[in-house]
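Welcome! Please take a look at the sequence and the structure below, and then we can walk through a couple of spots together.

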Amino acid sequence: MSNIQLIIEERAVDIGNFLVGRLLPFKEKRAVGPFVFIDHMGPAKLKDYQNLDVPPHPHIGLSTLTYLFEGAIMHRDSLGIKLEIQPGAVNWMTAGKGVVHSERTPEYLRTTDKSLHGLQIWVALPKHLENCEPSFSHVEAKDIPHWKQDNVNFKLIAGEAFGKKSPVPVHSSLYFIEIKSNDKTSLNIGKELYGEVAMYILEGSITNDGNRYENKQILIAKESSLCTFEMAENTTIYLFGGEAFPEEHFIYWNFVHTDKNVIEQAKEDWKAQRFPKVPNETEWVPLPEVKGFK
């Protein structure tokens, strides 16, 4: 019997000046463990006059994780952090009670042809940390745990699994894992996982119970302990999951919280520009008119 409970197809979403592939949330699956939002950026080939420019925008009640395969993004936030993220590194920003940040093409790339490809992820905070002070952490690619097992290459980008722990300072029980195959390989890794788990196929394909699945799909498992599959050659997948929270988390735009009243206050605070400012940034993204909560 197949261990796949749900298949989610990547959906194109326009975020203003850039198309992304939306993976989560989905109407039939709002979260996987503490993961509540995943966007696949690109792969995009940008001309010398095309740049990523996401002006200052706010977050509450979550941590953001940016992980690039290609390109570079300059992060600026209301904590005063200005830092460029490169492929393989991790930007981990915990919004807590409120943070504002911008994401732009670095200055030295703005007049050249360039590529951009990666994942942007939101991880909900546990209830007791939803209103914590905001913070930021950057982990270089060389510091991410990586190893070879069963003839495939693993990276533990965030969280704990396989008896290892990533230096990314997460706030709940979770894992975000990269697995790359060079040759056709069968894997049985359920004993290493816990809670809920989903697989995103970035490139290549996997086979489960005689069924083949290809890129731009998320596969939600029924039981993480039964995570067995076959990877085709030159395949890259990402496993993300962990322990689900007992409380429901609501999403409105960039705000995540267990209390809708806190989200309503954040909406009013952003409209009135009462959030902290990003140094040397004058633009800001207006609050969109969105009906209800996700």
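By class, how many nonpolar, polar and charged residues are in the lining of the second largest cavity? The lining has 5 nonpolar, 5 polar and 1 charged residues. Keep in mind that this model is predicted.

## The second largest cavity

The count of cavities of 30 Å³ or more comes to 3. The second largest cavity has a volume of about 70 Å³. Its lining is made up of Thr-64, Thr-66, Ile-73, His-75, Ile-85, Asn-91, Trp-92, Met-93, His-101, Glu-103 and Phe-136.

## Strands around the cavity

Which strands each supply at least two residues of this lining? They are strand 6 (62–70), strand 7 (73–77), strand 9 (90–94) and strand 10 (99–104). Strand 9 gives the most to the lining, with 3 residues.

## A look at Lys-277

Now for a residue further along the chain. Lys-277 sits in the segment after helix 1 (260–271). Why does Lys-277 count as partly exposed? Its relative accessibility is 48%, so Lys-277 falls in the partly exposed class, which lies between under 20% for buried and over 50% for exposed.

Terms used:
Residues numbered from 1 in each chain as written. Predicted model: local features only at pLDDT ≥ 70, side-chain atom pairs only at ≥ 80, totals over all residues. Heavy atoms only, no water. 1 Å grid on protein atoms, 1.4 Å probe; cavity = no way out; pocket = protein on both sides within 12 Å on 5 of 7 lines; lining within 4 Å. Points joined across faces, edges and corners; volume = space filled by probe spheres on them. Helix = DSSP H or I, 4+ residues; strand = E, 2+ residues; numbered from the N terminus. Nonpolar A, V, L, I, M, F, W, Y, C, P; charged D, E, K, R; others polar. Buried < 20%, exposed > 50% of the residue type's maximum accessible area, 1.4 Å probe, protein only.
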